[in-house]
Each structure stands twice: as C-alpha cells, then as structure tokens.
Amino acid sequence: MLIDRSRPLHPAAPAPRARWRTLCFCGGVLSLPGTLLAQPAIPVGPDNAGPVAPLVSSYDDALSLTTVNGAIAGEAILATCVTGRNADGTARNQKFQDDCDLIVGGASQDEMGSAVALEQLAADQINAQNSAAVRAAGVGVAMVQNRLQRIRLAERAGDEDPFMIASRGVLSTASGGAASADLAAGPFGGFFNYEYAGGDEDQTAYQPGYDFSRWSLAAGMDYRVNERLVSGLAVRYSNEDANFDSNRGELTGDSWGLLGYASYFLPSGLFIDGSIGYANTGYELERRIDYSIAGSTAHQLAKSDPDADVWNLSLGAGYDLFLNPFTLTPALRLSYVENSVDGYRETMSDPTGVGGAMALAVDSHTYDSLTSNLGVQISRAISTESGILLPQLRIGWIHEFQNDQTRVGATFVNDINQQPLYVLTDKPDHDYFDLGLGLSGQFSNGRSAFIAYNTLLGYEDVNYHAITAGVRLEF
C-alpha cells in the first residue's frame, strides 16, 4: 500500500521528514551492523552529517512505502535507535538494538524490506478485538429485544383464540432472532438459541483484512410480574475466530456473559424496554511477523492473551400496530457498548532470532460505541394443520454516534528508552442498514421454534451474514 507522505500521518503527528532531520542533529549515535556500513557506529551530529543523510533519505523512502501504522511504528523505532543506549544495556536491550539497526540501516540497501518489516511489526491486528466485542454484544441485545416482544404480544392477546393470538405475532430476526407468536401458557418462559455468523473485513489504511466466524449459545428465563411488566435473565457463550489475510496471524476470543432485561407495555400498543449486560472475553492473538532485509530474515510469532470487560446498555421504545392478518412494528432503540481491554505484553516465538526483540507492550484501552436503530418490521400469520407459521421482514437504519478513530498506546518490551508509539484504530462506518428475514412456528402447549437470516447492508469494507435458530417453552 502506498501512503501519501506529503501530509502528516495524523493531525497530531509532524511530517516525518522534518522530524527525522531534527533527530539527526540531536547529537545521538546510531549503531549499525558492519555488513551495512563500514563503521559500526556513526555520529549523527552536525559535524558528521554527511554519511547519515543518505541513510535517513533511504529510511524516509522506506516509510513512504509502508502502512500508516507501520510508519508510526517506524518513527518510534528511529527515535530510540539513534540514541544507541540499548547497545550498552542487558542482552535483551542489545538484541533490540541489533533488530532496530537492521530495520533502519538496512533501508540503505533494501528500502522495501524495511517497509515490509515495519508493516509486520505494527500491531494493527488489534482492531479486530473491538469489532468482535461489538458483534457479540449485539447478539445478546437482539435476543432480548425479540424475547420481550413475544411476551408483549401474548399478554395483549388475553383469552382470545390461539389463532387470533398468532395473527398478532411477529417473527423476530435482526441479528439474533427469536421464536414468536407464543401463547401465554404460564408466568414463566424459557428459551434456547444457537447462532452462527461469518463474514470478512477488507484491508484498510489502518488494519489488515481478515475473515471471521462466530458461534454462540444463549439460554434464559423470565417472569411476568403482572400484565404490564416482565423481567428476566439470560446467559450466553460465544466463540469467535478471525484469520488475517496474507498469513498475518489469527485472533480467537471466548466470551461468557449475563444479560438482565425488562419491558413495560400498554394496551394501546406502546412499549418501552431495556437491557443491561456484562461479558468477560479472553482473547488469544497471534501476530505472524515475516520479513527479510539485506539477507537477514525474520520468522516470528508474537503471542499475547489480553482480557476484556464488555458492558452493554440498551433502551428502546416502539408501537405494535395490528392490521390483521399483518402486524407492523416501528421502533427506535439506543445501544451503548464499552469494551475495556487490559494492558498486555507479547512474547516472541524465537527471542534470539532476527526480530525476536521486537515484542510490544500494549497499554490498556477502551472502545466505545453508541448506536441508534430506527426500523420497522412486518409479519403475516399463516394457519396450517400443525400450527401457525409467521414469515417476517425487518429493516433498520443504524447510526453510529461514537466509536471514532482512537489511538492505542504501546512500547517495545526490550527498549531501554521505552519510546512511546501508538496504533491508530480503523474509522467506523457511521450509517448502514440491518436486514432480517425469518420464519417461526407456534405449536400446541406453548412450544415454538424459529429460524432467521440476517445481514448488513451499506457497511463499508464489511460483509456479514448470520443464521439463528432456537426453541422456547412457556410454563
């Protein structure tokens, strides 16, 4: 990927060439391998600027060929490398000096090799953690929304004929799905859902592309407090895998969570409901680092296992409009997700090999997402000999208010200077659509089952598809 280096990398970052010139006249020392330059150390003060100028020019060219986050990491590598302090430290510090000397000094012989090394060393794979957390939280919220709607419809039906009750049902889809047209057989209700989702995110200026897949299980129970109020609790587990393009590594995450929910509804059709949930996610991230500079080759696997706490809050209101045999439900919902990732340190698969001292220590960081979902769903009840079938279509416009591009701070574990750097997260799409199709069946004794399909439309650089199925029973 070619990056326009005529502008700063980020509004807060200076143009790279100006910064490098400042570094070259700061009086530091850059230690370079003898295979790259005749002398192992070159003074970089003004009295000996001649030999350094071609080196800086070559490194400047290398950074112009790498990614945005690779160039940011490259500036930090240069800033700490020119001091030469790591060469006088511990064995790990000395190994770090050797690795950064190869990247900086190697640019004089192999600009593209240095550019690839910087792209590989920048931890831009961490962007996938936030996407996984938001997707997992959305599944739980959608599950609760749909469950609450089933209860509202059953309560309003009262003592009417079951087929009339079914004609008012709504088969829910929307990223989680649920069975509907349930008969209020008792004050308690239990359900079990399974979901499989998959898709991909394209490469951008701030992250590599990757394919992802997720499966999740959810089970819950609720209680109708009275004819207008219901509350419940659900537990869910999800597992997500992401495989990065160009053999850049993989990310896995296992998540356990609890979700409490409640709904208050009026006979007129107006309703208000909400939910609050917490989940703990354990990630395993493996960043594959492969590069070759001037005959020196690195084959490393940077491993880490960060943990994250994910909170989500949802509040919505809508109106159920019965137009027998159709049901029309416009609704507006606000959802907030906070994904707090603990700080962590990477370990390299071959610490003594080329690139083995370039592991990162990543700071703790928090991602926030606040979305609105304005949508409408329509269904039609169809009577059969075995029960009631309800096909449904739902579409919603989702707007992201927050979740802007942020910085994630980091340092190199073995750098004696602890020179700070950062990773820029990807920019979210602020407007897209959620489309759902589904079919549910209501049978005798309060039993029901469903299957649903969901996808996102208009979300730039993202393809997403999900299939959800489940069963439930009133008692």
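Biologist: Which residues does Tyr278 touch, not counting residues up to four places away in sequence?

Modeller: Tyr278 touches Trp256, Gly257, Leu258, Asp309, Val310 and Trp311, where contact means heavy atoms within 4.5 Å. This is a predicted model, in which local features need pLDDT of at least 70 and side-chain atom pairs count only at pLDDT 80 or more, while totals for chains, interfaces and linings use all residues. Residues are numbered from 1 along each chain as its sequence is written, and side-chain values use heavy atoms, with hydrogens and water left out.

Biologist: What makes the pair Tyr278 and Asp309 a polar contact?

Modeller: Their side chains are joined at 2.7 Å. A polar contact is a pair of N or O atoms within 3.5 Å; within protein, one must be able to donate a hydrogen and the other to accept it, and residues adjacent in sequence count only if both atoms are side-chain atoms. The 2.7 Å pair therefore falls within the 3.5 Å limit.

Biologist: Why is Tyr278 called partly exposed?

Modeller: Its relative accessibility is 31%. Buried means under 20% relative accessible area, exposed over 50%, and partly exposed in between (1.4 Å probe, protein chains only), so 31% is partly exposed.

Biologist: What makes Lys95 and Asp99 a salt bridge?

Modeller: The N to O distance between their side chains is 2.8 Å. A salt bridge is a side-chain nitrogen of Lys or Arg within 4 Å of a carboxyl oxygen of Asp or Glu, so this pair qualifies. Both residues lie in helix 4 (residues 91-105), four residues apart, about one turn of the helix. Helices (H or I, at least four residues) and strands (E, at least two) are DSSP runs, numbered from the N terminus.

Biologist: How do you know that Lys95 is buried?

Modeller: Lys95 has a relative accessible area of 17%, and Asp99 is buried too, at 3%.

Biologist: How many salt bridges does the rule give?

Modeller: The count is seven.
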